[in-house]
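Please keep the sequence and the coordinates in view while reading.

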Amino acid sequence: MSAPGPEELYVGYRARAPRAVTRFLRPRLTLLLVLAVAVAAILAASQRPFEPGRFDFGRPQAFEGTIGGHPYPTLTLDGEDGGPGASLLLVAFGKHGAGEAVRDLDGRRVRLEGTRIETGGVTMLELAAGSV
């Protein structure tokens, strides 16, 4: 194998790459680009659609029930027959954990305000600031 001639060696400060380098790289880079676009399209097409959800942003409501703290903060609403009703996961503003807000209220009955969030069969309640 012989050493490349001065016109075959590519140096970054030259305006153009030598023809041998260009002939070698162009088809490979084109193939790489086509493969990247194909993989991106396949991944995008294989994604499941988002589950329908609802967020009553800006419309807080009052809720009454019993706080449960473990393993996640919940509010168990009073049922129509006087027994326990639905349980709502509690989140703080921005859908962050509400553990700090209800830390000392486990098992206690409370009245609070929050915004209902529903998605995938799960209902959460984003607590209004200072309502607990």
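In the hairpin formed by β6 and β7, two residues lie between the strands, and Gly-120 adopts a positive phi near 55°. Strands here (E, at least two residues), like helices (H or I, at least four residues), are DSSP runs numbered from the N terminus. The model is a predicted one, in which local features need pLDDT of at least 70 and side-chain atom pairs count only at pLDDT 80 or more, whereas totals for chains, interfaces and linings use all residues. Residues are numbered from 1 along each chain as its sequence is written, and side-chain values use heavy atoms, with hydrogens and water left out.

The chain comprises one helix and seven strands. From the N terminus on, these elements follow the order α-β-β-β-β-β-β-β.

Two strands count as paired if DSSP finds at least two bridges between them. Strands β6 and β7 (residues 122-127) run antiparallel and are joined by six bridges; within this pairing, Ile-117 stands opposite Met-124 of β7. Strand β2 also pairs with β6 in the antiparallel sense, over six bridges, and Gln-61 has Gly-114 in β6 as its bridge partner. Strand β1 (residues 53-55) pairs with β6 as well, in the antiparallel sense and over three bridges. Here Arg-54 has Glu-118 in β6 as its bridge partner.

The charged side chains come next. Side chains of opposite charge can pair when their charged atoms come close. Three salt bridges are present in the structure, the term denoting a side-chain nitrogen of Lys or Arg within 4 Å of a carboxyl oxygen of Asp or Glu. In one of them, the side chains of Arg-109 and Glu-64 meet at 3.1 Å, N to O. This pair links distant parts of the chain, with Arg-109 in strand β6 (residues 109-119) and Glu-64 in strand β2 (residues 61-68), 45 residues apart. Arg-111 also meets Glu-64 in a salt bridge, at 3.0 Å from N to O. That pair again links β6, which holds Arg-111, to β2, which holds Glu-64, across 47 residues.

Residues are called buried under 20% relative accessible area, exposed over 50%, and partly exposed in between (1.4 Å probe, protein chains only). Glu-64, at 35%, is therefore partly exposed. Arg-109 counts as partly exposed because its relative accessibility is 49%, while Arg-111 counts as exposed because its value is 54%. Through shared partners, salt bridges join Glu-64, Arg-109 and Arg-111 into one network. A further salt bridge brings together the side chains of Arg-116 and Glu-118 (3.8 Å, N to O). Glu-118 has 27% relative accessibility, so this residue counts as partly exposed.

Attention now turns to the interior. A nonpolar core is a set of buried Ala, Val, Leu, Ile, Met, Phe, Trp, Tyr and Cys residues joined through side-chain atoms within 4.5 Å. The largest such core has 13 residues, of which Phe-63, Ile-67, Leu-75, Leu-90, Leu-112 and Leu-125 touch the most other members. Two or more residues of this core come from each of β2, β3 (74-78), β4 (84-92), β6 and β7. Ile-67 touches residues including Leu-75, Leu-90, Val-102, Leu-105, Val-110 and Leu-112, when residues up to four places away in sequence are not counted; contact means heavy atoms within 4.5 Å.

Leu-127 lies in strand β7 and is buried because its relative accessible area is 8%. The C-alpha atoms of Leu-127 and Phe-93 are separated by 6.5 Å, although the two residues are 34 residues apart along the chain. For the chain, among contacts between residues at least 6 apart in sequence, 54% join residues at least 24 apart.

Leu-32 belongs to helix α1 (residues 19-45) and counts as exposed because its relative accessibility is 55%.

Two totals complete the description. Of the 132 residues in the chain, 23% are buried. The accessible surface of the chain comes to about 10,200 Å², with 59% of it belonging to carbon and sulfur atoms; such areas come from the Shrake-Rupley method with a 1.4 Å probe, and for residues only the protein chains shown count as cover.
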